[in-house]
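Colleague: I'd like to learn how to read a model like this one. Could you walk me through it, feature by feature?

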Amino acid sequence: MAWIKAGSKSITNTPTGSPTYSDDFDTDDWVDQGSGVGVNTSTERLELNSWTDNSTNSSSTLDLGSALSDTKWVIRFKLHWTGFSNTTDWTGAGIGMWSASSATGGNSAQDGLFYWGIANGSTKRSYISSIDNQAMGGTDHNLNYEWVTGTTYYFQLQRDGSSFTTTIWTGSYEGTEVANGTDTIGGTVSGLQYFGVKSPVNSRGGSFSGWLDDLQIWNNQVAGADSNITVSSMSDNTFLT
């Protein structure tokens, strides 16, 4: 709930209308490579089971059938890490939109906008990155949040022109915001047709376990639409929504 002044504009972080694409993982339409990641139709989740960064491309993507807008879209999903063991250097699975399917590992050139929950030893960090005809690499924007196991995170990834923004909540999408940041997209990142999890194929080890659920994608819109509110006469021009 929020108090809104009559005649002012309210801003919501919720996309409008039904999502363009959605997946509740009751069927498996994803293409997997390597091991440690894929849809489990029994639990109805995309699962990472002791996923590791080794010399094998261990990735999984969903083909949306056509590329998202090159200017605006919103993606929401739940992400929960259940287990982790130390790595020898910074690494982790990239989760987001890609121009190439899982057959193209993260060590090959492609376009992408993705969240990167990485770790080095026992230290964990959250980044968002953009790549333009590049391999996965770099940490474009630090969200200044150390992710933990045993917590369900509510993610929103959004493209708005040359800005790529990620917001993370706990509890719900109206819950406690734990991280937020915007990366300025470098180059001409385009043709993003595949949502999924990709391995950087850096052979840095580690073991990540967890799940992703309730995927929703809104194409050709951004969250944060304005709502004009007018009231003809009130003794107090505020009201509760």
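Colleague: How many helices and how many strands does the secondary structure of the protein come to?

Modeller: Helices (H or I, at least four residues) and strands (E, at least two) are DSSP runs, numbered from the N terminus. Here the protein has 0 helices and 19 strands. Bear in mind that this is a predicted model: local features need pLDDT of at least 70, side-chain atom pairs count only at pLDDT 80 or more, and totals for chains, interfaces and linings use all residues. Residues are numbered from 1 along each chain as its sequence is written, and side-chain values use heavy atoms, with hydrogens and water left out.

Colleague: What percentage of the residues in the protein is buried?

Modeller: Buried means under 20% relative accessible area, exposed over 50%, and partly exposed in between (1.4 Å probe, protein chains only). Of the 241 residues, 48% are buried.

Colleague: And what share of the contacts with a separation of 6 or more comes from residues 24 or more positions apart?

Modeller: A contact is a pair with heavy atoms within 4.5 Å. In this protein the share is 71%.

Colleague: In which order do the strands of the open sheet run?

Modeller: Two strands pair if DSSP finds at least two bridges between them. The open sheet has 7 strands, ordered E4-E7-E16-E9-E10-E11-E12, with antiparallel pairing. Its edge strands are E4 (31–32) and E12 (141–142), each pairing on one side only. Look at E11 (residues 123–134): 2 bridges join this strand to E12, and the two run antiparallel. Tyr127 stands opposite Asn142 in E12.

Colleague: Now a loop residue. Where is Trp90 placed, and which residues is it in contact with beyond its neighbours within four places in sequence?

Modeller: Trp90 is in the loop between strand E8 (72–85) and strand E9 (94–98). Leaving aside those sequence neighbours, Trp90 touches Ile118, Ala119, Asn120, Thr123, Arg125 and Arg204. The C-alpha atoms of Trp90 and Asn120 are 4.4 Å apart, although 30 residues separate the two along the chain. Trp90 counts as partly exposed because its relative accessibility is 25%.

Colleague: Then is Ser122 buried or exposed?

Modeller: Ser122 has a relative accessible area of 51%, so it is exposed. Ser122 is found in the loop between strand E10 (110–120) and E11. Leaving aside neighbours within four places in sequence, Ser122 is in contact with Phe84, Asn86 and Glu146. From Ser122 to Thr87, 35 residues away in sequence, the C-alpha to C-alpha distance is 7.6 Å.
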